[in-house]
Amino acid sequence: MDTRYTGPGSHVVQVPSGADLQAALDKAQPGDTLVLQADAVYTGPFTLRAKDPGGDWITLVSSDLAKGLPAQGTRVTPADAAHMPKLQASYESVVRTAPGAGHYRLVGLEIRPGPPRSSTVGKALNWMHGNSAKDAAAPLSAFLENLMVFGSSADSSLESLPDHIIVDRCYLHGDPAIGARRGIAMNARTGAVVDSYISDIKKKGEDAQAISGWNGPGPYKIVDDYLEAAGENVMFGGQDPTIKDLVPSDIEVRGNHLTKQLAWKSGDPSYQGTPWQVKNIFELKNAQRVLVEGNLLENNWAQAQTGYSILFTVRDQDGGAPWSVVQDVTFKDNVVRHVANGVNVLGQDDDYTSQQAKRILIANNLFEDVGGPWGSGNLLLMDNGSQDVTFTHNTAIQTGSIIFSDGKPDPGFNYTDNIAFQNSYGIIGTNRGPGMSTISVYFPGVQLRRNAIVGANASLYPSDNFFPHSVAAVGFVGASGHNYRLAPSSAYKAEADDGGDIGVDMDELCKALDEYGQHLATAVQSCGSSAVAMH
């Protein structure tokens with residue numbers, strides 16, 4: 001999907017501070033650009049309405065786009081808010097689409113909750129969200145279920161869904177004290193969120209997502225964003241589609257920073273005292289043809305769940321979508337760090353009827369600081385019979401098992417060219433012992449070779465693997481300094497099946513982090529100064 005902004009359309013309309021933005025939206029025609037005054041406040045909610053078809057865009061843009069905001073391809077931050085018009089609402093959503101709306105582009109806007117509609121409501125919101133009596137007297141923003149809604153479960157046909165909606169260099173946030181449940185409900189036919197910043201998405205007792213979609217077919221582009229949410233930072237599925245046989249498809253997630261605030265973690269010195277519902281970072285419950293590449297995913301702990309950070313877990317969520325599937329997924333060139341556990345693959349829904357999860361590739365990722373103070377430290381959970389999952393060329397610094405298996409076997413599983421730690425159990429399944437006792441039952445026909453299994457007993461595993469006795473024996477350039485490249489003297493250089501190094505190829509990883517993201521490679525010590533040269 002081409003998300004490039006090429007400048008104002010054929011007709012430019014100034015919408016100054018104090019003007020009726022909804023009236024301007026209602027009058028706008030394809031090709032119009034509505035220029036909103038930087039730092040002015042526009043109070044909604046606002047509805048993007050269906051217009052005459054034709055393919056031209058209606059654009060909402062900040063008056064400071066050219067003189068104060070970053071150029072396209074560069075992510076905005078809260079520091080850019082002074083150059084952004086403020087769109088806000090105290091009820092419903094700030095921006096929503098009417099059935100059939102299409103070709104809207106929003107550039108350089110701040111999207112936020114407005115003030116409560118009364119002081120009594122404000123105090124009630126404080127009380128509901130666990131704030132103190134002192135805080136309850138302070139003015140707060142309203143709590144919104146969604147900041148932006150592009151399509152919804154009310155849309156029962158593809159034709160009623162919005163089409164071609166782009167959020168570009170926008171800053172969306174919930175209230176710091178009471179949060180918001182969702183940044184963007186992404187159920188358009190074609191949608192994108194690029195170079196944007198979404199934060200303070202959190203709720204007590206319910207999942208909250210920065211971006212979530214369940215009733216739109218895609219394609220979707222989520223590139224170079226900061227995405228902060230307590231429940232799941234990004235999720236597809238999680239509610240049954242209203243449209244029969246719908247599976248969100250053709251999803252591109254590149255160059256994003258997905259994280260949770262440590263101020264939400266009990267026991268952290270910065271903890272603010274509110275037990276937000278913390279679950280996962282990235283989750284697919286119903287999705288296909290998904291590419292997740294060049295992202296930094298960090299800070300996920302055991303709280304409302306066990307803390308698996310990446311979930312490919314097919315779910316017919318409420319029993320009304322037995323076609324639900326997770327398939328044709330590539331997760332590559334990412335850094336996953338400071339998390340309780342790594343990846344959870346669920347082959348089939350264990351509550352309702354679903355299709356089988358299949359053809360999932362997890363390749364060339366760095367998993368660092370998995371477990372310890374964050375949780376149990378398992379790298380990979382294989383549960384209930386997936387098909388054709390490949391885990392290859394990954395490096396993991398984890399405190400728990402490499403693989404834990406449960407439920408039905410996982411045919412077509414491949415585990416090759418990885419570096420991970422045996423710890424207590426290595427590869428183990430329910431009612432089985434470590435190593436071949438588990439492998440022979442849960443992974444029929446497995447390809448398990450050319451892996452460095454640190455600290456393992458060689459007798460437990462197939463012979464075509466390596467068993468360094470310690471992290472020092474692996475030969476990292478500097479594990480204590482978080483540099484997980486293999487040194488020239490390492491015994492595992494050029495020993496992979498493809499002739500490369502065992503474990504993650506840091507050159508490829510760092511290039512992806514820098515190419516698709518906001519110089520994410522600079523946040524990864526293994527990349528060093530090479531990130532600048534590769535950009």
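**Entry 1: the pocket**

I began with strand β25, which gives the most to the lining of the largest pocket, with 3 residues. I note here that the model is predicted. Next I asked how much space lies in the largest pocket. I found about 450 Å³. I then looked up which elements give two or more residues to its lining. They are β16 (209–213), β19 (232–236), β22 (280–284), β25 (308–313), β28 (341–346) and β31 (380–383). The lining has 28 residues. Nearest the pocket's centre I found Asp207, Lys279, Glu283, Lys285 and Gln305. I also sorted the lining by type: 12 residues are polar, 10 are charged and 6 are nonpolar.

**Entry 2: a hairpin**

I moved on to strands β40 and β41. β40 covers residues 476–478, and β41 covers residues 483–486. How do the two strands run? They run antiparallel, and 2 bridges join them. I looked for the bridge partner of Phe476 and found Leu486 in β41. The two strands form a hairpin with 4 residues between them. In the turn, I saw that His482 has a positive phi of about 65°.

Then I checked where the side chains of β41 point. In a regular strand the side chains alternate between the two faces of the sheet. In β41, Asn483 and Arg485 point one way, and Tyr484 and Leu486 point the other way. Are these four buried or exposed? All are buried.

Helix α6 spans residues 506–516. I looked at its N-terminal end and found Asp505 as the cap. A side-chain oxygen of Asp505 lies 3.0 Å from the backbone nitrogen of Asp507. Within the helix I listed the buried residues: Met506, Leu509, Cys510, Ala512, Leu513, Asp514 and Tyr516.

How many disulfides does the structure hold? I found 1. A disulfide is a covalent bond between the sulfur atoms of two cysteines. Here the partners are Cys510 and Cys527, with 2.0 Å from S to S. The pair links distant parts of the chain, 17 residues apart. Cys510 sits in helix α6, and Cys527 sits in the loop between α6 and α7 (530–534). I read -95° about the S-S bond, and the link is left-handed. Both Cys510 and Cys527 are buried.

I looked up one more cysteine, Cys170. Its relative accessible area is 1%, so Cys170 is buried.

Most residues other than glycine have a negative phi, and most peptide bonds are trans. I searched for exceptions. The peptide bond from Gly44 to Pro45 is cis, with omega near 25°. I placed Pro45 in the loop between β3 (41–43) and β4 (46–48). The bond from Gly218 to Pro219 is also cis, with omega near 10°. I placed Pro219 in the loop between β16 and β17 (220–223).

Next came positive phi values. Asp200 has phi near 55°, and I found Asp200 in strand β15 (residues 197–201). Asp250 also has phi near 55°, and lies in strand β20 (residues 249–254).

Why does Asp200 count as buried? Its relative accessibility is 11%, and buried means under 20%. Asp250 has 35% relative accessibility, so Asp250 counts as partly exposed.

Terms used: Residues numbered from 1 in each chain as written. Predicted model: local features only at pLDDT ≥ 70, side-chain atom pairs only at ≥ 80, totals over all residues. Heavy atoms only, no water. 1 Å grid on protein atoms, 1.4 Å probe; cavity = no way out; pocket = protein on both sides within 12 Å on 5 of 7 lines; lining within 4 Å. Points joined across faces, edges and corners; volume = space filled by probe spheres on them. Nonpolar A, V, L, I, M, F, W, Y, C, P; charged D, E, K, R; others polar. Buried < 20%, exposed > 50% of the residue type's maximum accessible area, 1.4 Å probe, protein only. Pairing = 2+ DSSP bridges. Polar contact = N/O pair within 3.5 Å; in protein donor to acceptor, adjacent residues only side chain to side chain. Disulfide = S-S within 2.5 Å.
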